[in-house]
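Student: Before we start, could you show me the sequence and the model that we are going to discuss?

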Amino acid sequence: SADLVNADMSGADFLGTDLTHANLSGADLRKASFIAPTATDADFSGANLAGALVAGTDFNGVNLSNTDLEGTILADANLTGVVSGGVRGTPTSLPSGWTSVNGALVPPS
């Protein structure tokens, strides 16, 4: 797994990137794109995103299952179609209307 602690990857395009179990704690991923036509195309399952800056990031359809989101700033991120479950930690912020319930990211109703 990749060790990208505190890396500056703002604005990067990660379409199809496999970041399973990657350590991205404290990384700057603002406005990065992980747009995935299917949930398997961009995979963060088991990754550490604790304290990462992901405001404005496009996680459309991305797999965030079993990730550590403690202190992660997800404000204004696009979480449409995100796959979650087993999420650990509490994000500092979520997009408007989103909640974190029992390890899952829940969209507005």
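**Reading the terms**

Tutor: Both F44 and F59 are buried, and since this is a predicted model, that word rests on computed values.

Student: How many aromatic pairs does the structure hold?

Tutor: The structure holds 1 aromatic pair.

Student: What makes the rings of F44 and F59 a pair, and why is the pair called by the name it has?

Tutor: The ring centres of F44 and F59 are 5.7 Å apart, and a pair requires centres within 6.5 Å, so the two rings qualify. Their planes stand at 75°, and because planes over 60 degrees apart count as edge-to-face, the pair of F44 and F59 is edge-to-face.

Student: Which parts does the pair tie together?

Tutor: F44 and F59 each lie in the segment before strand 1 (99-101), so the pair ties together parts that are 15 residues apart in sequence.

Student: What makes the phi of N6 worth a remark?

Tutor: Most residues other than glycine have a negative phi. N6, which is not a glycine, has a positive phi of about 60°, and N6 lies in the segment before strand 1.

Student: How do you know whether N6 is buried or exposed?

Tutor: The relative accessible area of N6 is 56%, and because exposed means over 50%, N6 is exposed.

Student: Why is N66 called partly exposed?

Tutor: N66, also found in the segment before strand 1, has a relative accessible area of 40%; buried means under 20% and exposed over 50%, so N66 falls in between and is partly exposed. The phi of N66 is positive as well, near 60°, in a residue other than glycine.

Notes
Residues numbered from 1 in each chain as written. Predicted model: local features only at pLDDT ≥ 70, side-chain atom pairs only at ≥ 80, totals over all residues. Heavy atoms only, no water. Phe/Tyr/Trp six-rings, centres within 6.5 Å; stacked < 30°, edge-to-face > 60°. Helix = DSSP H or I, 4+ residues; strand = E, 2+ residues; numbered from the N terminus. Buried < 20%, exposed > 50% of the residue type's maximum accessible area, 1.4 Å probe, protein only.
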